[in-house]
Amino acid sequence: MIVLFGNKAYYDILGYMVTTCPGCKTTSVMTVEQQRKKLTVYFIPTFDFSRKQYMYCGHCHERFEIDKSLQSTVKARLLSKKQMENLIQQLEMETPRYECANCEARVEAGMRFCPQCGNSLG
Ligand SMILES: [Zn+2]
Ligand SMILES: [Zn+2]
């Protein structure tokens, strides 16, 4: 009888985390993934035999394994996609923006008059 073994890795996105990449040292949004390796054995139902977690850096495109002892810490810090979007938005809000007090048009730093309504930006 021939027994067929095989395995296939799946990655489920668990959430997002802002942290410093161990590879490229960039502080950015890392995608936290759960790896599931399905063991497939002929005639026997498949089951998960791997529960490794990885974080994926969108900057250097590397995947780093999260140590088992750190998984609970990571879990506590995980952000949902929505929370992540809000955070990014918040960061953008905090970067200095200049806008015309009259028409709220976006103006460049150092401009003296609004290009849209001509209001003095003094
Ligand atoms: Zn990186
Ligand atoms: Zn204006």
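pLDDT is the predictor's confidence in each residue, on a scale from 0 to 100. This model is predicted, so colour the chain by that score to begin.

**Confidence.** The average pLDDT over the chain is 83. A score of at least 70 is reached by 81% of the residues. Select strand E5, residues 63-66: its mean pLDDT of 94 is the highest among the elements of the chain. Now select strand E3, residues 44-50. Its mean, 59, is the lowest.

**The core.** Next, select Tyr16, Met30, Val32, Met55, Cys57 and Ile66. These 6 residues form the largest nonpolar core. Strand E2 (27-41) and strand E4 (53-57) each contribute at least two of its residues. In soluble globular proteins, nonpolar side chains tend to be buried together.

Stay with methionine 55. Which residues does methionine 55 touch, beyond those up to four places away in sequence? They are Met17, Met30, Thr31, Val32, Phe64 and Ile66.

**Glutamine 71.** Move to helix H1, residues 71-77, where glutamine 71 is found. Glutamine 71 is partly exposed because 16 other C-beta atoms lie within 10 Å. Beyond its neighbours within four places in sequence, it contacts Gln53 and Ile66.

**Cysteine 117.** Finish in the segment after helix H2 (81-94), at cysteine 117. Is cysteine 117 buried or exposed? It counts as exposed, because it has 11 C-beta neighbours inside 10 Å. Setting aside neighbours within four places in sequence, cysteine 117 contacts Cys100, Asn102, Cys103 and Ala105. Glutamate 104 is 13 residues away along the chain, with 9.6 Å between its C-alpha atom and that of cysteine 117.

Technical notes:
Residues are numbered from 1 along each chain as its sequence is written. Chains are lettered from A and ligands numbered from 1 in the order in which they are written. This is a predicted model: local features need pLDDT of at least 70, side-chain atom pairs count only at pLDDT 80 or more; totals for chains, interfaces and linings use all residues. A nonpolar core is a set of buried Ala, Val, Leu, Ile, Met, Phe, Trp, Tyr and Cys residues joined through C-beta atoms within 7 Å. A residue is buried if 20 or more other C-beta atoms lie within 10 Å of its own, exposed if 12 or fewer, and partly exposed in between; C-beta atoms are placed from the backbone. Helices (H or I, at least four residues) and strands (E, at least two) are DSSP runs, numbered from the N terminus. Two residues are in contact if their C-beta atoms, placed from the backbone, lie within 7 Å.
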